Amino acid sequence: MPMLYTPEHAPRPLTVEQEELVHEHAMRILEEIGVDVLHDQGRKLFESAGQRVEGERVRLDRTFVM
């Protein structure tokens, strides 16, 4: 099946400014709220990488994510 658009010509549902805003909010969520990591070894890996682990909740530093 042929592609309808090449990646560089695909329609953009968000403006660049909107993409930046979504990115900033995602980084803030990862830093302030965090994510639940249910796998023990996964939490240990995050902790050994310097991320904050509190119970099952892991808060990720934005530089680590990037």
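Predicted model: local features only at pLDDT ≥ 70, side-chain atom pairs only at ≥ 80, totals over all residues.
Phe 64 is partly exposed, with 37% relative accessible area. Phe 64 sits in helix H3, which covers residues 62-65. Together with Val 65 and Met 66, Phe 64 makes a nonpolar surface patch of about 300 Å².

Next, the sheet. Three strands form an open sheet, in the order E1-E3-E2, and the pairing is antiparallel. The edge strands are E1, residues 35-36, and E2, residues 52-54, and each of them pairs on one side only. E1 pairs with E3, residues 57-59, over two bridges, in the antiparallel sense. If you want a place to look, find Val 35, which stands opposite Val 58 in E3.

What lies across these strands? Helix H1, residues 16-33, lies across E1, E2 and E3. Helix H1 runs at about 125 degrees to E3.

Now the salt bridges. How many are there? The count comes to seven. I will go through some of them.

Arg 62 and Glu 24 meet through their side chains in a salt bridge, at 3.0 Å from N to O. Arg 62 is in helix H3 and Glu 24 is in helix H1, 38 residues apart, so this pair links distant parts of the chain. Arg 62 is partly exposed at 26% relative accessible area, and Glu 24 is also partly exposed, at 37%.

Arg 62 has a salt bridge with Glu 31 as well, at 3.1 Å from N to O. Glu 31 lies in helix H1 and Arg 62 in helix H3, so this pair ties together parts that are 31 residues apart in sequence. Glu 31 counts as partly exposed, at 22% relative accessibility.

Back to the sheet for another pair. The side chains of Arg 57 and Asp 36 meet in a salt bridge at 2.6 Å, N to O. Arg 57 lies in strand E3 and Asp 36 in strand E1, so the pair ties together parts 21 residues apart in sequence. Arg 57 is partly exposed at 27% relative accessibility, and Asp 36 is partly exposed at 47%. As for shared partners, salt bridges join Glu 24, Glu 31 and Arg 62 into one network.

Last, helix H2. Gln 41 is found in this helix, which spans residues 40-48. Is Gln 41 buried, exposed or in between? Gln 41 counts as partly exposed, because its relative accessibility is 41%. From Gln 41 to Gly 55 is 14 residues in sequence and 13 Å in space, C-alpha to C-alpha.

Notes:
Residues numbered from 1 in each chain as written. Heavy atoms only, no water. Patch = residues over 30% accessible without salt bridge, like charges linked within 9 Å, V, L, I, M, F, W, Y side chains within 5 Å. Areas by Shrake-Rupley, 256 points an atom, 1.4 Å probe, with all protein chains shown as cover. Salt bridge = Lys/Arg side-chain N within 4 Å of Asp/Glu carboxyl O. Helix = DSSP H or I, 4+ residues; strand = E, 2+ residues; numbered from the N terminus. Buried < 20%, exposed > 50% of the residue type's maximum accessible area, 1.4 Å probe, protein only. Pairing = 2+ DSSP bridges. Contact = heavy atoms within 4.5 Å. Axes fitted to C-alpha atoms, helices over the stretch in contact; angles between N-to-C directions.
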